[in-house]
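Please keep the sequence and the coordinates at hand while reading.

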Amino acid sequence: MNRRQLIGDVIGLGPHWLARGNWFADHPARRLPPAADTLAEEPAGMPTAAETPPAPTAISAPAATQASTSAPQLAAFEPVAEAKRPSPTPAMPTKPLLGWAELEKAVANCTGCRLCETRTQTVFGRGNPQARWLIIGEAPGEQEDRQGKPFVGRAGQLLDNMLAAIGLDTERDVYIANVLKCRPPGNRNPSGDEIVACQDYLRQQIEHIRPTLILALGRFAAQTLLDSTDSIARLRGKLHRYQGVPLIVSFHPAYLLRNLPDKAKSWQDLVFARRTFRQLIGE
Ligand code: SF4
């Protein structure tokens, strides 16, 4: 088993399918010009219906796993030329920028919306505030509310494993935060006024971190950050921007725990993100 297969196993993408001899070279998609900046719903290089293996029934997503490790699938993405550390462009009325510790304290004491009445504690973020990757989710869930950290429990473990699979250490290489800093009761969807009340905290976090790339996880985070009502299927596979920072959309790990076959699509997103990041830093 090679290293790629080992990584696939770690994040639950096995078993591993191997391309048939010369299959990719012969595939018609190889001869098509790449689509600009877009991951097709059925990416070039994916098997045709006749050659697509049966749907996985357990922790496996063989077709997309095969595609994710193959050059043709990534041919759909255009190279990106970017400054190494873009300056965020605030897109909303801004409050004065607080220092990191002051900002943390302001969030901890915040009574800016009704969620302060039901939270156990605020959830500011975790990881390295100097990291070049910023992972943004929706809002704290029950475990996060208890522990005061985003992405803990099984979903957090899955996220950590997936990031490790593309060579990222969650303590060193990434910072992880949510759009909302307090848990909506019963994990209901956040309301518009709660998002507005909380958005300046995330803006300030981004101004401090100045990440090279943002990974927005889940429909809610993606739609909120991009001010869009598009489905996650439409938002994935494209390079967006938030406050001037390149942003890529993928699934929330909690969703992946319930929808195992989509782990393979998530892996495609991570490969896209890693490749984009390398282009952004000029590697
Ligand atoms: S969700 Fe945001 S705005 Fe609302 S109380 Fe918590 S920190 Fe304040």
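Which residues line the second largest cavity?

## The second largest cavity

In this predicted model, the second largest cavity is lined by Leu-159, Met-162, Leu-163, Leu-215, Leu-217, Ser-250, Phe-251, Pro-253, Leu-256, Ser-266 and Leu-270. Two or more of the lining residues are given by each of helix H7 (153–165), strand S4 (213–217), helix H11 (253–258) and helix H12 (263–280), and the largest share, three residues, comes from H7.

The space in this second largest cavity amounts to about 70 Å³. Sorted by class, its lining holds nine nonpolar and two polar residues, with no charged residue.

## Confidence in the model

The protein chain has a mean pLDDT of 77, and 67% of its residues reach 70 or more. Over residues 15–91, however, pLDDT stays under 50, although the model has 144 contacts beyond four places in sequence for this stretch. Where pLDDT is low, the predicted coordinates should not be read in detail.

## The ligand and the largest cavity

When the whole structure is searched, two cavities of 30 Å³ or more are found, and the largest cavity is the space taken by the ligand. The volume of this largest cavity is about 110 Å³. Its lining consists of 14 residues, and those that lie nearest its centre are Cys-110, Cys-113, Cys-182, Cys-198 and Tyr-201. Helix H8 (residues 192–209) gives the most to this lining, with three residues, while by class the lining of the largest cavity divides into ten nonpolar, two polar and two charged residues.

Around the ligand itself stand Cys-110, Gly-112, Cys-113, Leu-115, Cys-116, Arg-119, Lys-181, Cys-182, Ala-197, Cys-198 and Tyr-201. This shell is made up of eight nonpolar residues, one polar residue and two charged residues.

## The largest pocket

By class, the lining of the largest pocket comprises 13 nonpolar, eight polar and eleven charged residues.

Several helices take part in this lining, for helix H6 (142–147), H7, helix H9 (219–226), helix H10 (232–235) and H11 each supply at least two residues. The largest share of the lining of the largest pocket is that of H11, with four residues. H7 and H11 are also among the elements that give two or more residues to the lining of the second largest cavity.

## Asn-128 and its surroundings

Which loop holds Asn-128? The residue lies between strand S1 (126–127) and strand S2 (133–137), in the loop that joins them. With its neighbours within four places in sequence left aside, Asn-128 is in contact with Glu-171, Arg-172, Val-174 and Tyr-175.

Technical notes: Residues are numbered from 1 along each chain as its sequence is written. This is a predicted model: local features need pLDDT of at least 70, side-chain atom pairs count only at pLDDT 80 or more; totals for chains, interfaces and linings use all residues. Side-chain values use heavy atoms; hydrogens and water are left out. A residue is near a molecule or strand if one of its heavy atoms lies within 4 Å of it. On a 1 Å grid over the protein atoms alone, a cavity is a set of points where a 1.4 Å probe fits but cannot get out, and a pocket is an open set with protein on both sides within 12 Å along at least five of seven lines; lining residues have an atom within 4 Å of a point. A molecule sits in a cavity or pocket if more than half of its atoms lie within 2 Å of its grid points. Ala, Val, Leu, Ile, Met, Phe, Trp, Tyr, Cys and Pro count as nonpolar, Asp, Glu, Lys and Arg as charged, and the others, Gly among them, as polar. pLDDT is the predictor's confidence in each residue, from 0 to 100. Contact means heavy atoms within 4.5 Å. Grid points are joined across faces, edges and corners, and a volume is the space filled by probe spheres set on the points.
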